[in-house]
Amino acid sequence: MLTDPIADFLTRIRNANAARLKTVEIPASNVKKAITAILFDQGYIANYKFEDDNKQGIIKIALKYNASTKVPAITKIERASRPGLRKYSGADEMPRVLNGLGIAIVSTSKGVITDKEARKENVGGEVLCYVY
């Protein structure tokens, strides 16, 4: 049993990037699916697919690399809020990652969204992770 499945999700992506793997498979959950969709929309991963295995389900993620230099699109992906120390942020003090070049993924009452969308919709929530 995992105590922090989102940290496991981020670590699997980080390790696959370090090993220069093309794809990575991760056990699915609704929050992980939402984070995956955000990573795809923001251009950090090449593609993704949800597969049903009559249990929990699997998320297959195709990682994105620079074509010429083989540098991963995700430079750093780190957990912000964790089970031992939750980090919440209001709409007015939403964190800016690399002065707006990166994204913070936030769990709000309107779903899992980026920090920019949270500022635009004027909602706060739990800061799940930072990606750049």
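Mentor: In this predicted model, Phe-40, Tyr-48 and Phe-50 form a cluster linked by ring pairs.

Trainee: How many aromatic pairs are there, and what describes such a pair?

Mentor: The general idea is that two values describe a pair of aromatic rings: the distance between the centres and the angle between the planes. Here the count is two aromatic pairs. For Phe-40 and Tyr-48, the ring centres are 5.3 Å apart and the planes lie at 75 degrees, over the cut-off of 60, so this pair is edge-to-face. For Tyr-48 and Phe-50, the centres are 5.2 Å apart and the planes are at 55 degrees, so that pair is tilted.

Trainee: Is Tyr-48 buried, partly exposed or exposed?

Mentor: Tyr-48 has a relative accessible area of 26%, so it is partly exposed. Phe-40, at 33%, counts as partly exposed, and Phe-50 is partly exposed at 37%.

Trainee: Which charged end sits over the ring of Phe-50?

Mentor: That of Lys-33, at 5.3 Å from the ring centre.

Trainee: How do I read a helix, and which residues of helix 1 are buried?

Mentor: An α-helix has 3.6 residues a turn, so residues three or four places apart point the same way. In helix 1, the buried residues are Ile-6, Asp-8, Phe-9, Leu-10, Ile-13, Ala-16 and Asn-17. They pack against several elements, among them strand 1 (23-27), helix 2 (30-41) and strand 8 (125-131).

Trainee: What span should helix 1 have?

Mentor: Helix 1 covers residues 5-18, and at 1.5 Å a residue its 14 residues should span 20 Å. The end C-alpha atoms are 20 Å apart, which agrees. Just after helix 1, Arg-20 has a positive phi of about 60 degrees.

Key: Residues are numbered from 1 along each chain as its sequence is written. This is a predicted model: local features need pLDDT of at least 70, side-chain atom pairs count only at pLDDT 80 or more; totals for chains, interfaces and linings use all residues. Side-chain values use heavy atoms; hydrogens and water are left out. Helices (H or I, at least four residues) and strands (E, at least two) are DSSP runs, numbered from the N terminus. The expected span of a helix is 1.5 Å times one less than its number of residues. Buried means under 20% relative accessible area, exposed over 50%, partly exposed in between (1.4 Å probe, protein chains only). Contact means heavy atoms within 4.5 Å. Rings of Phe, Tyr and Trp (its six-membered ring) pair if their centres lie within 6.5 Å; planes under 30 degrees apart count as stacked, over 60 as edge-to-face and the rest as tilted. A charge sits over a ring if NZ of Lys or CZ of Arg is within 6 Å of the ring centre and within 35 degrees of the ring normal.
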